[in-house]
Amino acid sequence: MADKPAVVLVHGGFVDGSGWRAVYDLLTHDGYPVAVVQNPTLSLQGDTAATRQIIDAQDRPVVLVGHSYGGAVITEAGTAPNVAALVYIAAFAPDAGESVNTLLAGFPTDVPGPPILPPRDGFLFLDRDKFPASFAGDVPTDLAAFMANSQVPWGVDALGGQVTEPAWRTKPSWYLVATDDKMIPPPAQRTMSGRAGSTTIEVGGSHALYVSQPAAVADLIKQAASTVAAP
């Protein structure tokens, strides 16, 4: 373990860090020290601060991994000096001055958008009945239903938070495109990964591919980690 970088996993909106469990198990089994961030998902600034707390606690170089909205978080938090690589899992990768909202506005209009309900008291939820098909189409039915019924309220301010200094402009990045994603259209994922110059792979899977196909996710993280100098 002493010769491996640390991996820090950052979840997205509507979910919490427990969804990383299978990826965590695979990485720790292979000797990687892994930490999971629990984002409040109230604001990009707050989530960046929460992530940097975990980054700063590591005693070695960090591979910083973000899923979905977590991609915006790692883009902002990844400028920390000990972050050596970024890994985006079906994630937003904003440029300077962009937010999740501006990226959502640029999504293709010829495909159905994510079933986000109107804001309620400053928070967003996904339509519970549509959650499994849109977010977790390849997750076992009972688990997808649990995810739908245990949604974490996503603060509208988090979607409006603008990135100030995108880490992917100065750090190497990897990107996993989920080709069956119904939340972030695959063409948008390809556009963002191409703009970032990411090493990109494509895997057939839903937006919750980090739950349904943890081995593919862990393999890409290990690929990124293999390029990081030993601590």
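Which residues touch the most other members of the largest nonpolar core? In this predicted model, they are V63, F135 and I221, in a core of 78 residues. Such a core is a set of buried Ala, Val, Leu, Ile, Met, Phe, Trp, Tyr and Cys residues joined through side-chain atoms within 4.5 Å, where buried means under 20% relative accessible area with a 1.4 Å probe, protein chains only. Helix 10 (residues 214–225) gives the most to this core, seven residues; helices are DSSP runs of H or I, at least four residues, and strands are runs of E, at least two, numbered from the N terminus.

Beyond its neighbours within four places in sequence, I221 is in contact (heavy atoms within 4.5 Å) with V7, L9, V23, L27, V63, V65 and V87.

You will find S206 in the loop between strand 8 (199–203) and helix 9 (209–212). S206 is buried, with a relative accessible area of 5%, and its side chain reaches the backbone nitrogen of A208 at 3.1 Å.

Now turn to helix 2 (residues 44–56) and helix 3 (residues 70–77), where L44, D47, T48, T51, R52 and I55 meet A72, V73, E76 and A77.

A word on conventions: residues are numbered from 1 along each chain as its sequence is written. Local features need pLDDT of at least 70, side-chain atom pairs count only at pLDDT 80 or more, totals for chains, interfaces and linings use all residues, and side-chain values use heavy atoms, without hydrogens and water.

Definitions and conventions:
Buried < 20%, exposed > 50% of the residue type's maximum accessible area, 1.4 Å probe, protein only. Polar contact = N/O pair within 3.5 Å; in protein donor to acceptor, adjacent residues only side chain to side chain.
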